[in-house]
Amino acid sequence: MSNRVIIQNAVKRYGDFTALNGVSLDIQEGEFFTLLGPSGCGKTTLLRMIAGFNSIEGGDFYFGEKRINDVPAHKRDIGMVFQNYAIFPHLTVRENVAYGLKARKMPAKEIKPKVDEALELVQISHLADRKPNELSGGQQQRVALARAFVIEPSVLLMDEPLSNLDAKLRVQMRSVIKKLQRRLGITTIYVTHDQEEALTLSDRIAVFNKGFIEQIGTPNEVYNHSQTEFVCNFIGDINRLNDDTVSALRAAGAEVDASKHNYIRLERLHVNVAPRSGEIALDGTVESCEYYGLYIKYYIHVGTQSLKVIEKNDGVNIYDPGQRVKVILNPNDIMAYAPSAEEVE
Ligand code: ATP
């Protein structure tokens, strides 16, 4: 049965160093929840505390109603998938997937249909008798996935499971993971430093920074309503408006608070469109452009700064370096953050 996971005030210390400083989370039954943040921010540390591989210096951990702080790892009823697959090299695919069921003393005749079904779900039935060294990275990761969920754990933990795969396979495996998780409804906690992966997979994301949570929210909340300057910089690409751009906007009648740090996302800027009510047009010159097919990214010199702009590629309105253009924006799309106390001093 899938479980709710509640963490209250988790503290983790390594000697004098505090890796987690009072982290609280409430993860719903069946939710796909991601711990996202830069390297060293404490994501893996927290995941290992949930798994029972790390000591807990403070706080309470619950699976449903049950406090698990003192429950040993093998009794927590979790499935785990790691970056390095961690499948047994001497066992076949089928034996790898059956391993957890055997360890739980399930009768052999019940194991076979369960393993068959798991192999089918991750689409590797045809590879059942191969050994791991006869598989590609993506196939090995499918074995690791099947092995984790075949035991029907109440919580599935995944630590950067796709980071060893090439870019294309990573995107393919994302949808395999998402479909499986939806279908099985297992509460899933997923660790990654890849913001795109977090945005595409998750129901909710906790953005970590140096042992703290900066924001918890849906992909849209953290992307479009970033609560902190760290989150707005970490998730997606963004323009920070410099003082001259802010002055130009204010001169044009926009309400922009010059005492704050002001940001705008790339797709919120537009080139050479007729401004609608409340929108402002700034004069600029195209410096360069990057052609991505689906969209085009422009670097446009406006005043004393270079603004990045993403436009859909309509195949008609394409601007060349050197061309004079208007950059249109709605001041309501600006995200503003008060400078931190240290910066004000
Ligand atoms: P990454 O994406 O690089 O794995 P992370 O966010 O998962 O990063 P953690 O592995 O949780 O980060 O580490 C958090 C902090 O705790 C880091 O500063 C790390 O150096 C430190 N740390 C982790 N494990 C230990 C340990 N066993 N002893 C001492 N310090 C540790």
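Colleague: How do you know that the span of helix 4 agrees with its number of residues?

Modeller: This is a predicted model, and the check uses its C-alpha atoms. Helix 4 covers residues 137-150, which is 14 residues. The expected span is 1.5 Å times one less than the number of residues, so helix 4 should span 20 Å. Its end C-alpha atoms are 20 Å apart, therefore the two values agree.

Colleague: What makes helix 4 "mostly covered"?

Modeller: A residue is called buried when its relative accessible area is under 20%, and 12 of the 14 residues in helix 4 are buried. Among them are Gln140, Arg142, Leu145 and Phe149. The buried residues of helix 4 pack against strand 6, helix 2, helix 3, strand 7 and helix 5.

Colleague: And which residues of helix 5 are buried?

Modeller: They are Met173, Arg174, Val176, Ile177, Leu180 and Gln181. Their cover includes strand 3, helix 3, helix 4, strand 7, strand 8 and helix 6.

Colleague: Why is Lys210 called exposed?

Modeller: Exposed means over 50% relative accessible area. Lys210 has 69%, so it counts as exposed. You will find Lys210 in the loop between strand 9 and strand 10.

Colleague: Why is Asn272 called partly exposed, then?

Modeller: Its relative accessible area is 35%. Buried needs under 20% and exposed needs over 50%, so Asn272 with its 35% is partly exposed. Asn272 lies in the loop between strand 13 and strand 14.

Colleague: What is phi for Lys210 and for Asn272?

Modeller: Lys210 has a positive phi near 50°, and Asn272 has a positive phi of about 50°. Most residues other than glycine have a negative phi.

Colleague: Stepping back, how much of the protein is buried?

Modeller: Buried residues are 48% of the 345 residues. The protein holds 10 helices and 18 strands, and its accessible surface is about 17,000 Å², with 49% belonging to carbon and sulfur atoms.

Methods: Residues numbered from 1 in each chain as written. Predicted model: local features only at pLDDT ≥ 70, side-chain atom pairs only at ≥ 80, totals over all residues. Heavy atoms only, no water. Helix = DSSP H or I, 4+ residues; strand = E, 2+ residues; numbered from the N terminus. Buried < 20%, exposed > 50% of the residue type's maximum accessible area, 1.4 Å probe, protein only. Areas by Shrake-Rupley, 256 points an atom, 1.4 Å probe, with all protein chains shown as cover. Contact = heavy atoms within 4.5 Å.
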